[in-house]
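Please read them beside the sequence and the coordinates.

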Amino acid sequence: MKGSLIIVGFFILGIIAGRFGWINIDSFGFDISFIALAMLMLCVGIGVGNDLGALRNLRNLDSRLLLLPLVTIAGTLAGCAILALFLPWRSIPDTLAVGSGFGYYSLSSIFITQYKGPELGTVALLANISREIITLLGAPLLLRLTGPLSPISAGGATSMDTTLPIISNVSGKEFVILSIYHGFTVDFSVPFLVTFFCSL
Amino acid sequence: MAAGITLGWLLRGKKLPFLGKLTNVLIWVLLFLLGVEVGGDDRIINGIATLGAEAAAVAVAGVAGSCLLAAALWKWASRRRKEGAGK
């Protein structure tokens with residue numbers, strides 16, 4: 001939660017700076033966003049490669065539960081596609097791109113800004129922060145409505161870090177490994193799915 | 001990113017304490033820049049309420065869709081080998 005507040009803080013600080021014209025991005029003479037993004041991707045990649053070993057504990061899980069990341073991705077995209085039908089000003093791939101953040105607001109909003117501009121990037125940031133907040137606050141309710149897997153699914157890519165403590169509390173300790181595996185897999189899909197839907 | 005994964009694999013098992021920090025700083029820089037772009041764009045500032053509502057709707061739709069499917073998966077996985085267990 002603290003991490004989210006810092007991120008929102010930087011975003012708001014940026015809005016203020018942009019509003020009052022303190023900083024002009026075009027004045028750098030090079031694409032600072034792109035360079036920072038490339039460096040970020042390198043860091044994310046190093047993190048993923050470095051973490052691959054963490055997945056060795058998975059053998060104890062019911063093999064059917066290994067489908068959970070797929071279920072999360074399919075369910076999210078289905079929900080977003082249905083919603084997109086009611087948003088005539090927004091194309092279906094755009095809405096799917098926002099939904100494919102799965103709560104990973106930093107990366108997805110940065111990508112979407114790069115490909116589709118700051119307006120959709122802002123929607124992505126807000127939508128994915130909302131997803132994390134819904135999970136943090138709504139996990140007990142989700143458990144009662146749709147069972148122990150749903151807080152993990154709702155957490156999306158965050159089920160391995162920011163929402164893991166609440167998932168462990170609400171669904172139970174026996175779901176922690178599944179939750180980490182789920183977060184890791186969904187997390188990994190974010191850059192691919194977001195760029196895919198942005199390119200449609 | 002592929003370069004990063006390869007590099008990370010080569011460095012596996014090594015502690016990389018600076019990596020998380022560097023990642024965070026880059027994310028802060030990029031979101032600050034996104035903020036700058038948003039702040040300089042009157043169209044976005046004026047439409048922020050609509051964009052926020054749209055964002056909330058996307059979040060709810062995503063959570064609802066994934067939770068419903070997760071419930072179905074849980075039902076299926078809990079059935080174990082009970083033969084003829086209907087819906």
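1. How many of the 8 residues of H4(A) are buried, and is this helix enclosed by the rest of the structure or open? In this predicted model, the count is 6 of 8, and H4(A) is therefore largely enclosed by the rest of the structure. The buried residues are Asp94(A), Thr95(A), Leu96(A), Ala97(A), Val98(A) and Gly99(A).

2. Ala81(A) sits in helix H3 of chain A and, leaving aside residues up to four places away in sequence, touches Ile92(A) and Leu96(A). Its C-alpha atom is separated by 9.8 Å from that of Asp94(A), a residue 13 positions apart from it along the chain. Ala81(A) is classed as partly exposed because 16 other C-beta atoms lie within 10 Å, where 20 or more would be needed for a buried residue.

3. As to the overall make-up of the two chains, chain A has 9 helices and 0 strands, and 50% of its 200 residues count as buried. Of the contacts in chain A between residues at least 6 apart in sequence, 62% join residues at least 24 apart. Chain B has 4 helices and 0 strands, with the pattern α-α-α-α along its sequence, and buried residues make up 40% of its 87 residues.

4. The contact between the chains draws on 73 residues from chain A and 55 residues from chain B. On the side of chain A that touches chain B, at least two residues each come from helix H1 (2-19), helix H2 (32-51), helix H3 (68-84), helix H4 (92-99), helix H5 (105-116), helix H6 (118-146) and helix H7 (150-155) of chain A. The largest share of that side, 16 residues, is supplied by H2(A). By class, the side of chain A that touches chain B consists of 44 nonpolar, 24 polar and 5 charged residues.

5. The largest nonpolar core has 79 residues, and Leu30(B) and Ala70(B) are those with the most contacts inside it. The largest share of this core, 13 residues, comes from helix H4 (residues 48-78) of chain B. Not counting residues up to four places away in sequence, Ala70(B) touches a set of chain A residues, among them Leu68(A), Val71(A), Thr72(A), Gly75(A), Thr146(A) and Leu149(A).

6. Confidence should be kept in view when chain B is discussed. Its mean pLDDT is 77, and 71% of its residues reach 70 or more. Within chain B, confidence is lowest in helix H1 (residues 2-10), at a mean of 67, and highest in H4(B), at 91. Over residues 81-87 of chain B the pLDDT is below 50, and this stretch has 1 contact in the model beyond near neighbours in sequence. Where pLDDT is low, the predicted coordinates should not be read in detail. For the complex, the predictor gives an ipTM of 0.79 and a pTM of 0.77.

Note on methods. Residues numbered from 1 in each chain as written. Chains lettered and ligands numbered in written order. Predicted model: local features only at pLDDT ≥ 70, side-chain atom pairs only at ≥ 80, totals over all residues. Buried ≥ 20, exposed ≤ 12 C-beta atoms within 10 Å, placed from the backbone. Contact = placed C-beta atoms within 7 Å. Nonpolar A, V, L, I, M, F, W, Y, C, P; charged D, E, K, R; others polar. Core = buried A, V, L, I, M, F, W, Y, C linked by C-beta atoms within 7 Å. pLDDT = per-residue confidence, 0-100.
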